[in-house]
Amino acid sequence: MRRRLRVGLLYSLSGTYALLSQGCRAGALAAIEAVNGDASLPIEIEAVERDPAGNIDRYAPLAEELLRGERVDHIVGCITSWSRKEVIPALEKTGGTLWYAAPYEGFEANDHVVYMHACPNQHILPLMRYAIPRFGVRAFLVGSNYIWGWETNRIARDLVHDAGGSVLGERHLALGDEDVGRIVEEIRQTRPSFVLNNFVGATSYAFLKAYAELGECDPWFASANCPVLSCNLTEAELGAIGRAGEGHIAAGPFFDTRPTGAGARRSSFMMAAESAIRVLAQTVVQGGGAGGALDLARGPFDTPFGRIAFDLQTRHAHLPVHIARIEDGRFTIVDGSCGLVAPDPYLSRYDPHTAFARTLRVVS
Amino acid sequence: MTRQRIPNLGGARAVILHRPHDVVDALARQLSAIGLVPEPCWPDLPASVVAADFLFFDADMGFDAQFPWAAGAAPLPTIMLIGSEAPGRIEWALSREANAQLLKPVGSAGVYSSLLIARQTFERRMQQTAEIETLRERVAERQTIVRAVAVLGGDGGEEAGFDRLRHLAMDWRVTMEEAAARVMAASGEPPRTGPAKRRAG
């Protein structure tokens, strides 16, 4: 008799970042199906779903409903940091765990969260180290007007400064705002070496479209000369972006490099949610199936990211780091780590003197 | 745009002055997660505390004799750990002039911000203390200026004296107070104010 483990899924299937949520949900459901299809495992997983529909105020009550009402111990969910921070008090009250499968801005290590996607030393730092020597040190930063945009741009500002560069502008727009004209005009006026895009969802699509139009009129803004860089752009959104994404660059723990026609495109969001279920299943099986007990020290765990371990102090995953460029509607990896990169969510091991050693100029 | 860069805390030493307790374990775990090196101790502070980067101390059971410095004169940023909010304990903890506070029990949240607040408050206080010291010196030297102006002015009066003193200060590249002190020393009159510290000129 297989024991049944109920796991909450908390994803917004509508709203501005629905494509990312749908990617995560599909990954989690695929992993659940795989676990349930493996008769050798002593557990079966039942998904219990709640949909906040992109409404930030729905996250906390729905998390509470899953944790108390449905009595689940584990929730795979949340895309934005804003929603994660909304859910944390409910987790702390009930002793639940959130498996968070989106890249985020770091500077958090909560005992009730397992961080399955990239943190700053696994996205923005390698992205800047790749881009600055190739494109230049004059940055223009844009982002959605909440913690992800603010914090990732704050880190980028420090990194650009450490590389001897300058930030020509930093602009934020509300989540869902598609009025990007003024920002694109400012970018045209300042002529940076690259644009760092920390917009989320519809704003990002509108921005890339307007930027592609700019590139058609002015060769400076062709993606080969002044690319748009992202830490959160994945296959999940390539369809929404279309041709406007060509030549732009992203960092992430996974890119789907299979040839065209090899099946539906997978994204790192999907892989991270799938990994969450796989790690959860492995810890429960190894732990003899006791309650919802979670012991990340039992790793390494087999996941779509490879055989990964966790940093036990911060509960962040060791992850691969890849830099990829969009070519013909899919990502091509152009740089990255050979192995896994240990997480450093507080950038406490970051050394400004060596991070950009190759790009630093001699100051007389 | 000016902006204070968030300091990198990696490798910083944080001494925790608290009796062995779950609070210490939770705090040490969170400090390690942020990248600091926690050093619990009780009831005595190790001599090495003066070279540490942060000191957490217990507001509940702490006492003055634990600190090898006067209240308000800690050489590093301090953070008080408050458990019981008994007025007497708060009063004592306030007398130590901590730079930030953290409520017990310690969870995943609060530690990082307490470190940043403590460091910034500490640095600002050090800066203000130095500024106040300089201003005090200047106030103390006012009497010297008045007398130097009288000596230098001679028959020309106060305005001429002040003008000469200003020129001397510019020539010597020192403050007006320093120039006045030199004038008085040269005139052979004993200084009337206390022996204020002279800044290297």
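Guide: Gladly! This is a predicted model, and chain A is divided into domain 1 (3–118 + 263–317) and domain 2 (121–259 + 321–355). The centres of these two domains of chain A, taken over C-alpha atoms, are 27 Å apart.

Visitor: What makes domain 1 and domain 2 of chain A count as being in contact?

Guide: Residues are in contact if their C-beta atoms lie within 7 Å. On that basis, 32 residues of domain 1 of chain A are in contact with 31 residues of domain 2 of chain A. Elements giving two or more residues to the domain 1 side are α1 (18–37), α3 (81–94), α9 (268–286), β12 (306–308) and β14 (316–317) of chain A. The largest share, four residues, comes from α9(A). By class, that side holds 16 nonpolar, eleven polar and five charged residues.

Visitor: How do you know that the span of helix α4 of chain A agrees with its number of residues?

Guide: Helix α4(A) has twelve residues (124–135), and at 1.5 Å a residue it should span 16 Å; the end C-alpha atoms are 15 Å apart, so the two agree. Just after this helix, A:Gly136 takes a positive phi of about 125°.

Visitor: Which residues of α4(A) are buried, and what covers them?

Guide: The buried ones are A:Ile124, A:Leu125, A:Pro126, A:Leu127, A:Met128, A:Ala131 and A:Ile132. Their cover includes α5 (147–162), β8 (194–198), β9 (228–230), β10 (249–252) and β15 (322–327) of chain A.

Visitor: Why is A:Cys78 called buried?

Guide: The cut-off for buried is 20 or more other C-beta atoms within 10 Å. A:Cys78 has 28 within that distance, so A:Cys78 is buried. This residue lies in the loop between β3 (74–77) and α3 of chain A, and its phi is near 75°, a positive value in a residue other than glycine.

Visitor: And why does A:Arg191 count as partly exposed?

Guide: Exposed means 12 or fewer neighbours and buried means 20 or more, with partly exposed in between. A:Arg191 has 13 C-beta neighbours inside 10 Å, so it counts as partly exposed. A:Arg191 also has a positive phi, about 50°, although it is not a glycine, and is found in the loop between α6 (181–190) and β8 of chain A.

Visitor: What makes a peptide bond here cis, and where are such bonds found?

Guide: Look at omega: it is about 5° for the cis bond joining A:Gly299 and A:Pro300, and about -5° for the cis bond joining B:Lys104 and B:Pro105. A:Pro300 sits in the loop between α9 and β11 (301–303) of chain A, while B:Pro105 is in the loop between β5 (100–103) and α3 (111–153) of chain B.

Visitor: How is chain B divided, and how many Å separate the centres of its domains?

Guide: Chain B has domain 1 (13–109) and domain 2 (137–201), with 47 Å between their centres.

Visitor: What is the predictor's confidence in chain B?

Guide: Its mean pLDDT is 88, and 92% of its residues reach 70 or more. Over residues 194–201 of chain B, though, the pLDDT is below 50. The model scores ipTM 0.72 and pTM 0.83.

Note on methods:
Residues are numbered from 1 along each chain as its sequence is written. Chains are lettered from A and ligands numbered from 1 in the order in which they are written. This is a predicted model: local features need pLDDT of at least 70, side-chain atom pairs count only at pLDDT 80 or more; totals for chains, interfaces and linings use all residues. The expected span of a helix is 1.5 Å times one less than its number of residues. Two residues are in contact if their C-beta atoms, placed from the backbone, lie within 7 Å. Domain bounds come from an automatic or database domain assignment. pLDDT is the predictor's confidence in each residue, from 0 to 100. Ala, Val, Leu, Ile, Met, Phe, Trp, Tyr, Cys and Pro count as nonpolar, Asp, Glu, Lys and Arg as charged, and the others, Gly among them, as polar.
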